[in-house]
Amino acid sequence: MKRIVCLISGRGSNLAAILQAASAERWRVAVPAEVVAVISNRADAAGLAIAAAHGVATQVIEHTRFSSREGFDAALAEAIDAHTADLVVLAGFMRVLTRAFVARYQGRLINIHPSLLPAFPGLATHRQALAAGVRVHGATVHFVSDVIDGGVIIAQAAVPVLPGDSEETLAARVLGREHVLLPRCVRWLCEGRIALVDGRVQVRDLPGESLALLG
Ligand code: GRF
């Protein structure tokens, strides 16, 4: 049984997508994997209720209670390790993690970012995409490295940018694909089809084109 810990900061729609996929019968049979805990750095994160509704243990570790990033990350790592996590998923977790934290979970720490990296790292990605005038936008799941939004890319989902798009309409289109992309990546990692080997993604028993979700 692969043990997954999800870290969140807010809404939790990507978490919900993972939980739904994980509880589907085919996942349980084909991939014995389970979200064993959800940890939030904010007590008011709506995703906590989503986790509770799925019967998943929740924990709040407020970063504001710590005077340093190191202190917060150490508490976070302790909580994650208490669940003996095989995989740690940043599902809308809005904190920069220290180098030590990232190194501790190398190869088993992934993030979803709402752009086609390396374009538009950081915040307000949909605004950035509209300002740049790109015609294709999307989302990326990547291994986390100590460069923000700069880790090795696992898979990407692309959507068109349509005339008249606002940040909101574009964000909604991307989010719909995030909800397919992230659970898929989590499952592949649990199945051992994807691994980080020598700084590159190693793919096994997976059609290469499935790493690019188009349209
Ligand atoms: C998503 O757009 C994700 O890509 C980004 O933060 C947002 C989280 O949304 N990292 P949700 O909390 O999963 O609804």
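The model shown throughout is a predicted one.

**View 1. Elements and residues of the shell around the ligand.** Two elements, α1 (13-23) and β5 (109-113), each contribute at least two residues to the shell around the ligand. The residues around the ligand include Ser-13 and Asn-14, as well as Ile-112 and His-113. Sorted by residue class, the shell holds two nonpolar, five polar and two charged residues.

View 2. For Arg-11, a polar side-chain atom lies 2.6 Å from a ligand oxygen atom, and for Ser-13 the corresponding distance is 2.5 Å. In the case of Glu-178, an N or O atom of the side chain is 2.7 Å from an oxygen atom of the ligand. The ligand on its own would expose 370 Å², of which the protein buries 86%.

View 3. The ligand sits in the largest pocket. The protein chain comprises seven helices and 10 strands, and its C-alpha atoms occupy a box of roughly 50 × 40 × 35 Å along the principal axes. Because a compact globule of 215 residues would have a radius of gyration near 17 Å, the 17 Å found for the protein chain agrees with that expectation.

View 4. The peptide bond leading from Leu-117 to Pro-118 is cis, and its omega is near 10°. Pro-118 belongs to the loop between β5 and α6 (125-132), and β5 is also one of the elements that supply at least two residues of the shell around the ligand.

**View 5. Positive phi values at Thr-84 and Asp-205.** Thr-84 is not a glycine, yet its phi is positive, at about 40°; this residue is placed in the loop between α4 (69-82) and β4 (87-90). Asp-205, likewise a residue other than glycine, has a positive phi near 55°, and Asp-205 is located in the loop that runs between β9 (200-203) and β10 (212-214).

Key:
Residues numbered from 1 in each chain as written. Predicted model: local features only at pLDDT ≥ 70, side-chain atom pairs only at ≥ 80, totals over all residues. Heavy atoms only, no water. Near = heavy atom within 4 Å. Polar contact = N/O pair within 3.5 Å; in protein donor to acceptor, adjacent residues only side chain to side chain. Areas by Shrake-Rupley, 256 points an atom, 1.4 Å probe, with all protein chains shown as cover. 1 Å grid on protein atoms, 1.4 Å probe; cavity = no way out; pocket = protein on both sides within 12 Å on 5 of 7 lines; lining within 4 Å. Sits in = over half its atoms within 2 Å of the grid points. Helix = DSSP H or I, 4+ residues; strand = E, 2+ residues; numbered from the N terminus. Nonpolar A, V, L, I, M, F, W, Y, C, P; charged D, E, K, R; others polar. Rg over C-alpha atoms; globule rule 2.2 N^0.38 Å.
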